[in-house]
Amino acid sequence: MSETGLSSQASIARSAASSRSSGAALAVLYEHPQWFVPVFAELDRRGIAFDRIFVPDHFYDIGQRHHAFKVLFNRMSPSAHSRQHGSGIFHTLAYLEHLELMGVRVINGAMAFRYEISKAAQHSLLKSLGIRYVPSRIIHAPSHAIAAAKGLRYPIVVKPNIGGSGKGIVRYESAPALELAVAAGRLDLGYDGVALVQEFVPARGGYITRVETLGGRYLYAIRVHLSGQTFDLCPADICQTAQGEALDNACAIEAAKAGLKVEAYRPPAEVIQAIERIVRTAAIDVGGIEYMIDDRDGGIFYYDVNALSNFVADPRRVIGFDPFENLADFLQQELQRAG
């Protein structure tokens, strides 16, 4: 047998193993195992049985009539393409839609995941709700960028539609700089070939705010103080408190975010109300919304809708409680509702 054949057989064996079920009522669909260690640990601590479905090794049978689990918790990441797992993004979307049609309760289901994997759709959502969003144009070819940027204030950024932790965002200081990048073939529109051309918004105070929600309600918020050196704002990776104290395990997931600091913060009531409207409309059960204050006019711009929350690193020190306990409470409630 050829080496390719052996590799294929091994892949099929892994897939079959990942499809086996212990019969637990809860299943967790995931792609990045390090991010979800706290979730798994809290479920184990409570003695809540669950099956792990690792997306890169997963396949499913359309003809399957019954599923052992009653609740599936979707934790698929849109940045999977940066870990050579990109095909799992659209596989996951199909699978979630299949499960929902079969009557399975999916936490962060197909609608939420569609918003998760499309920054263009996120901005359309904000527009539909009358919530202020960053001026944006949607393109699907690098040659569109120059015309799309007309009327926007420079600097601008070109942002992949399917992102994750700020990956792939590039800033251009002027129209000639953008034209040069287009002419040189340097514009990368990302995994699905779609991108946003946006104004770069200077954040007043040098920070953005991320608000986490659970079950459609406000859970907590943090201010992330920016270094100006990165667009990667994944809160689970931030390495310092606002006072400069190192956070335990903050940098275990990816490379350290040099200079980023974080602190607990409670937004104004009207901001919380707007964010709860966003997540409820998008059917996001567990998610985070990011916003900033535009230093040019003092207005709030909402700019990122996430149907995936890793929660802040070292949460007890930063926000005073462990949100994974709240998450486990929510999962237990959903299991009870599902019977």
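Me: Why is Phe40 called buried?
Reply: Phe40 has a relative accessible area of 5%, and buried means under 20% (exposed is over 50%, partly exposed in between; 1.4 Å probe, protein chains only), so Phe40 counts as buried. This is a predicted model, in which local features need pLDDT of at least 70, side-chain atom pairs count only at pLDDT 80 or more, and totals for chains, interfaces and linings use all residues. Residues are numbered from 1 along each chain as its sequence is written, and side-chain values use heavy atoms, without hydrogens and water.

Me: What makes Phe40 and Phe50 a stacked pair?
Reply: Rings of Phe, Tyr and Trp (its six-membered ring) pair if their centres lie within 6.5 Å; planes under 30 degrees apart are stacked, over 60 edge-to-face, the rest tilted. Phe40 and Phe50 are 5.4 Å apart centre to centre with 20° between the planes, hence stacked. Phe40 lies in helix α2 (residues 37-46) and Phe50 in strand β2 (residues 50-54), so the pair ties together parts 10 residues apart in sequence. Helices (H or I, at least four residues) and strands (E, at least two) are DSSP runs, numbered from the N terminus.

Me: Why is Phe50 called buried?
Reply: Its relative accessibility is 11%, so Phe50 counts as buried.

Me: What makes the pair of Tyr60 and Tyr95 tilted?
Reply: The centres of Tyr60 and Tyr95 are 4.8 Å apart and the planes 40°, which is tilted.

Me: How do you know that Arg171 sits over the ring of Phe200?
Reply: The rule asks for NZ of Lys or CZ of Arg within 6 Å of the ring centre and within 35 degrees of the ring normal. The charged end of Arg171 is 4.1 Å from the centre of the Phe200 ring and sits over it.
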